[in-house]
Amino acid sequence: MSLAGRSSSLTEVDDAISCVVDGATVGIGGAVTAGHPMALVRALARRGVRDLTVVAPTGGIEVDLLIAAGCVSRIVGSYVGIEAVAGVGPVYRSAIESGRVEVVDLDEAHCVAALRAAGQGLPFLPWRGGVGTAFPQLNPTLIEFDDPVRGEPLLAIPAIELDVALIYAEVSDCYGNAQPVGTGHMDALLGSAAKQVVIQVDRVVSTEEIRRNPEKTIYWPGSKVVKAPFGTHPYSNGWMTSDEQHLVDFVAAAKGGDETLSEYLRVHVLEPEDNDAYLETVGIRRISSLLI
Amino acid sequence: MEKPSINELFAVLLARDFHADDRTIMVGANMPMARAAAVMANVTTHPDARISIGLGVQGLGDGGDPPAVHPFLFDPRTMAAEALMFQGRVFDDMHSPDVFFVGGLQVDQRGNLNLFGIPDGEGGWKMRGPGSIALATMSAYCAGYYIVMPSHSTRTFVERVALISALGDATERARLKLPGGGIRMLLSPLGVFDFNDAGDMRLRSMHEGVTLEEVQEATGFELDVPDRVPVTPGPTDEEMQLLRERVDVYGTLA
């Protein structure tokens, strides 16, 4: 028997996202204005994949960008917006109002329950929040039932199984031992609910560095790791704030009509061939000003 | 001192209203006035309360004392905290949150709130909102919650909301055995409201310069109006100084 080395998980972005095929159900990590894997999202939009079901538990402009690029037919989640910059994601809103995109409403806690059920291999998990609201009417997959233990009205939250989870972590080694910064949002739940995980990182570090904080490691067999420094821009990571001005400019472009939105997409998503080229469209001075 | 903005007034009114035994105050996205209220209370009346705002718990913001209110909830500076709020675990501890805050597109006479949007009656949407985030869950469980409405008109104060995101109706809450205590207070740019014993919305006070006719004209149902409606006591100079110089140092509420 001969000794063998471990396989590398490091992958170029376009190879990594080739697992996302037309019609796939894709979970995207991050929350509101933090930690979305934007480099992966921009690459996906550039590739022009179609008919995706996007599971964005608390989403931001990653949803707007994918809709604008024509990739999405259904959005599943509890929120799409940009806090004070835009109470509702502008492209998301117009696409739903025009009927181009379908929305499947969940409460934030339903997202946790649905992803956890998928990871646990269960058909559903029960939840109380949403009883007496419009949720079961808007989203008929949520089923009201009387719990068999105490007889109280509850909702059955069906599992959401993902084909692919796209998440961000600050670092990983080349074997897919990733370590998120801060709370990691619902990213670990998305990973456990998915058949395939793609992890965008700022830095690839040695396994020795990973071993210093093993309690932070998240890992799924066969995951792909893509290096994309500052790749959460215009959203924050652990040491870069959100780019409020960029978000304001995006919202203005989206609300300005098809022409201005197309121009944003051309400049920031479609023409830059990779994350470095995207960062050049933002500029080093802007990036530098966001570092805390 | 410059006149308080409406969000500064909201922050002060919320900070004053917390109960003495509130132990955990939790704030969601896009409610900087609630973040400011929680921090104000924490440095004055509620030093022992646990303040959970987005990513961090206590000692939030940029490490200052007290922490500052940033424009965005999910700001890396909020990780200068003594604990973190994990989105995947926060719903495992539903006995903990005493206080939560909600806003919405529409509120109705019974206190039900809509953040989904307005359906077109044919399976589509006339106006789509952002989604309900965690309103349904937090309003079901927390000991009490505050509604902050950024606008007050017959479009936002309606007899029945088109869709219920957070169930406020006290009768329905009791029937469905929801464990939480329900709505404590509702704030709008015109006044302060609560709910009478029958569960209908009642005018508690009107902000300075607002008339009863204005409130009634802007409300799409019959408000319970007591014989005497006081003027909302405005922020004191001390409250404004604390808010502007120590809590909202970036002027997010201005």
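## Basis of the model

This is a predicted model, in which local features need pLDDT of at least 70, side-chain atom pairs count only at pLDDT 80 or more, and totals for chains, interfaces and linings use all residues. Residues are numbered from 1 along each chain as its sequence is written, while chains are lettered from A and ligands numbered from 1 in the order in which they are written.

## Sheet and packing helix

Strands E5, E7 and E6 of chain A, in that order, make up an open sheet with antiparallel pairing. Strands are DSSP runs (E, at least two residues), as are helices (H or I, at least four), numbered from the N terminus; two strands pair if DSSP finds at least two bridges between them. Because E5 (124-127) and E6 (143-146) of chain A are edge strands with a single partner each, one side of each has no neighbour in the sheet. Neighbouring strands are turned by 40° against each other on average, direction ignored.

Within E7(A), A:Pro158 is the bridge partner of A:Phe124. Helix H5 (residues 108-119) of chain A packs on the sheet and touches E5 and E7 of chain A. The direction of H5 makes about 150° with that of E5(A) (axes are lines fitted to C-alpha atoms, for helices over the stretch in contact; angles run from 0 to 180 degrees between N-to-C directions).

## Domain division

Chain A comprises domain 1 (25-107 + 161-205 + 217-290) and domain 2 (124-158), with bounds from an automatic or database domain assignment. Their C-alpha centres lie 30 Å apart. Four residues from domain 1 of chain A and five residues from domain 2 of chain A take part in the contact (C-beta atoms, placed from the backbone, within 7 Å).

Terms used:
Two residues are in contact if their C-beta atoms, placed from the backbone, lie within 7 Å.
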